[in-house]
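Try each task before reading its solution.

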Amino acid sequence: MSLIKNFCILLLTLYVVNICSEARVVENNVRFEVHLISDLPNNNIPLWFHCASKNHDFGYQILKVGDDFNFQFTLNFFESTLYFSHFWWGKKQNVFDVFNRHLKDYCADPEAKIRTCYWKVQEDGFYLGSNPDITEKMHDWQ
């Protein structure tokens, strides 16, 4: 009797894992695109930044006023994909996650094939939204 019971539990477990995997495949087909936009007052003081994840390093870069640096990726199976950025502007700086599973809800329409997140760097801090004109302040300069 216990052999049949264990076999039934195994079949049920495999069925549930299969359903979860199929749902995850659909979610993983969605790509995310993160934009970093300089909305600072002038180009006299350069905005330096460095963005990276566990697997990708974009190096140190300069973003001029109005410039848009962006990158695309797909969430990993466990939704633990994380990109961080370190910003320097004159004597100010800050470092934070520009994408993690908690920030994905700030990105464009969940039904879109590419979900886009916009970070605007301004004189008073960092703003995030699903389009560059509608953003919410997330961080101050330090």
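**Exercise 1. Find the residue that stands opposite Phe 32 in β4, then describe the strand it belongs to.**

Step 1. Phe 32 faces Phe 73 in β4. Strands here are DSSP runs of E with at least two residues, helices are runs of H or I with at least four residues, and both are numbered from the N terminus.

Step 2. Before going on, note that this is a predicted model, in which local features need pLDDT of at least 70 and side-chain atom pairs count only at pLDDT 80 or more, while totals for chains, interfaces and linings use all residues. Residues are numbered from 1 along each chain as its sequence is written, and side-chain values use heavy atoms, leaving out hydrogens and water.

Step 3. β1 and β4 pair in the antiparallel sense, over 7 bridges; two strands count as paired if DSSP finds at least two bridges between them.

Step 4. Buried means under 20% relative accessible area, exposed means over 50%, and partly exposed lies in between (1.4 Å probe, protein chains only). In a regular strand, side chains alternate between the two faces of the sheet.

**Exercise 2. Trace the pairings of β7 and say why it is largely enclosed.**

Step 1. With β1, β7 pairs in the parallel sense over 8 bridges. Leu 36 has Trp 119 in β7 as its bridge partner.

Step 2. With β8, the pairing is antiparallel and has 5 bridges.

Step 3. The rest of the structure largely encloses β7, because 8 of its 9 residues are buried.

**Exercise 3. Which residues touch the most other members of the largest nonpolar core?**

Step 1. A nonpolar core is a set of buried Ala, Val, Leu, Ile, Met, Phe, Trp, Tyr and Cys residues joined through side-chain atoms within 4.5 Å.

Step 2. The largest one has 27 residues, and Val 34, Leu 36, Leu 47, Phe 87, Val 98, Phe 99 and Trp 119 touch the most other members. The strands that each supply at least two residues of this core include β1 (31-38), β4 (68-74) and β7 (114-122).

Step 3. Take Val 98 as a case. Neighbours within four places in sequence aside, its contacts (heavy atoms within 4.5 Å) include Val 34, Leu 36, Phe 71, Phe 87 and Trp 119.

**Exercise 4. Is Leu 82 buried, partly exposed or exposed, and what does it contact?**

Step 1. Leu 82 lies in the loop between β4 and β5.

Step 2. Leu 82 is partly exposed, with a relative accessible area of 35%.

Step 3. Setting aside neighbours within four places in sequence, Leu 82 is in contact with Ala 52, Ser 53, Lys 54, Asp 97, Phe 99 and Asn 100. Leu 82 and Lys 54 are 28 residues apart in sequence, but 7.6 Å apart in space, C-alpha to C-alpha.
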